[in-house]
Amino acid sequence: MAIQWFPGHMATARREIRSVMPTVNLVIEVLDARIPFSSENPLVAELRGTRPCIQILNKCDLADPEVTAAWLLRIQATPGIHAFAHHAKQGGLLARVMGIVRGIEPPIRARPLVAMILGIPNVGKSTIINALAGRTLAKTSNRPAITQRQQRINVGHELTLLDTPGFLWPKLTPVSCAFRLAVTGAIADRVVDYPELAVFALRFFADSYVGRVAAFYELEALPADPIEALDAIGRRRGHIIRGGGVDLQRVSETFIRDLRAGAFGPISLERPAG
Ligand code: G4P
């Protein structure tokens with residue numbers, strides 16, 4: 001799939017995070033609950049040192065609750081990492097974060113406590129910042145230059161959020177991570193090849209959730225072959241081109257948009273290994 005990753009961004013990100021880390025007491029990393037592994041920033045483990053980290057598995061309304069529970073168990077077994085699942089319609093986010101903060105050992109005494117907030121594009125970072133701040137703030141640009149573009153947001157006297165640009169981290173390898181990021185909408189549409197993405201997603205669905213896809217499109221069964229499945233969905237939706245064939249681009253876009261919108265019910269694209 002034609003997704004570009006510029007290694008220079010990685011070096012810039014590492015330098016930028018390292019330079020601001022001394023002022024940071026806590027890292028809040030927003031993950032996509034459907035892909036907690038692929039949406040995690042590998043630089044956090046490398047650069048946070050002994051600072052505590054809260055991982056918020058966001059958009060949990062779109063993820064399989066059983067799989068999310070398994071992820072939470074796995075993540076919470078990691079020293080220094082606290083985690084909970086969240087979605088935008090849930091209230092009480094600030095109380096939940098501060099409740100975790102108060103339980104952290106050794107206690108974080110700094111007031112205001114400075115929390116660096118990280119997350120890949122489209123993961124819901126702005127929605128979370130607005131919920132924590134209790135007001136709507138401008139989005140930080142998705143470019144890797146934290147120190148120039150950082151936004152400090154005061155939340156009462158206790159907490160200061162240090163917002164960072166939500167550019168993509170290099171979990172574009174292996175290619176399955178890149179596909180999962182694209183399926184969930186983290187990668188800009190202009191670099192996404194929809195038919196390739198739809199084929200990847202349908203191969204994944206062949207193992208699980210296949211009945212839900214068939215039911216949504218009112219098909220008796222979904223063909224096991226992804227191209228045949230797209231053909232069946234396209235005919236059902238009337239995405240036909242001159243000559244009677246299915247418009248592969250259009251049906252692929254329809255399928256991916258439906259998937260992103262949660263049309264097939266809550267779906268997790270990766271499970272904790274082992
Ligand atoms: P970002 O700063 O990380 O880029 O993400 P942002 O908060 O802008 O959210 C990206 C999209 O994800 C938005 O939808 C937002 O409504 C949606 N979103 C955020 N949190 C959740 C959640 O917990 N569950 C679900 N289902 N969606 C969530 P959008 O279509 O891009 O914009 P809009 O329609 O909300 O205006």
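**Strand pairing**

Q: Which residue is the bridge partner of M116 in β6, and in which sense do β4 and β6 pair?

A: The partner of M116 in β6 is L162. As a general idea, the strands of a sheet pair through backbone hydrogen bonds, either parallel or antiparallel. Here β4 (residues 113–119) and β6 (residues 159–163) are paired in the parallel sense over five bridges, where pairing requires that DSSP finds at least two bridges between the strands. This is a predicted model, in which local features need pLDDT of at least 70 and side-chain atom pairs count only at pLDDT 80 or more, while totals for chains, interfaces and linings use all residues. Residues are numbered from 1 along each chain as its sequence is written, and side-chain values use heavy atoms, with hydrogens and water left out.

Q: How many helices and strands does the protein chain have, and in what order do the strands of the sheet lie?

A: The protein chain has 11 helices and six strands, taken as DSSP runs numbered from the N terminus (helices are H or I of at least four residues, strands are E of at least two). The six strands form an open sheet in the order β3-β2-β1-β4-β6-β5, and the pairing is mixed. Because β3 (81–85) and β5 (151–155) each have a single partner strand, they stand at the edges, and one side of each lacks a neighbour in the sheet. On average, neighbouring strands of this sheet are turned by 25° against each other, direction ignored.

**A covered strand**

Q: How many residues of β2 are buried, and what is in contact with Q55?

A: Burial is read from relative accessible area (under 20% is buried, over 50% exposed, and in between partly exposed, with a 1.4 Å probe and protein chains only). In β2, six of the six residues are buried; C53, Q55 and L57 point one way from the strand, and I54, I56 and N58 the other way. Q55, which lies in β2, is buried with a relative accessible area of 1%. With neighbours within four places in sequence left aside, Q55 is in contact (heavy atoms within 4.5 Å) with residues including E29, E40, I75, H82 and F84. E29 is also the residue whose bridge partner in β2 is Q55, and six bridges join β1 to β2, which run parallel.

Q: Where does L113 lie, and what does L113 touch?

A: L113 lies in β4 and is buried, at a relative accessible area of 0%. Not counting residues up to four places away in sequence, L113 touches N25, L26, V101, I108, E158, L159 and T160. The C-alpha atoms of L113 and T23 are 9.6 Å apart, although 90 residues separate the two along the chain.

**Helix packing**

Q: At what angle do α4 and α5 pack, and which residues meet?

A: Two packed helices are described by the angle between their axes and the distance between the axes. Axes are lines fitted to C-alpha atoms, for helices over the stretch in contact, and angles between N-to-C directions run from 0 to 180 degrees. α4 and α5 (residues 125–133) pack at about 85°, with their axes 8 Å apart, and are therefore roughly perpendicular (65 to 115 degrees; under 35 is roughly parallel, over 145 roughly antiparallel, the rest oblique). L93, L94 and V97 of α4 meet I128, A131 and L132 of α5. The residues of this contact divide into six nonpolar, no polar and no charged, where Ala, Val, Leu, Ile, Met, Phe, Trp, Tyr, Cys and Pro count as nonpolar, Asp, Glu, Lys and Arg as charged, and the others, Gly among them, as polar. Among the buried residues of α5 are I128, I129 and L132, and what covers the buried residues includes β1, β2, α4, β4, β5 and β6.

Q: At what angle do α8 and α10 cross?

A: The axes of α8 (residues 194–207) and α10 (residues 226–237) cross at roughly 105° and come within 9 Å. The contact is made by A198, V199, L202 and R203 of α8 and P226, I227, A229 and L230 of α10, which by class come to seven nonpolar, no polar and one charged.

**Cysteines**

Q: How many disulfides does the structure hold?

A: A disulfide is a covalent bond between the sulfur atoms of two cysteines. The structure holds zero disulfides, the criterion being a pair of cysteine sulfur atoms within 2.5 Å. C60 counts as buried at 17% relative accessibility, and C177 is buried at 1%.
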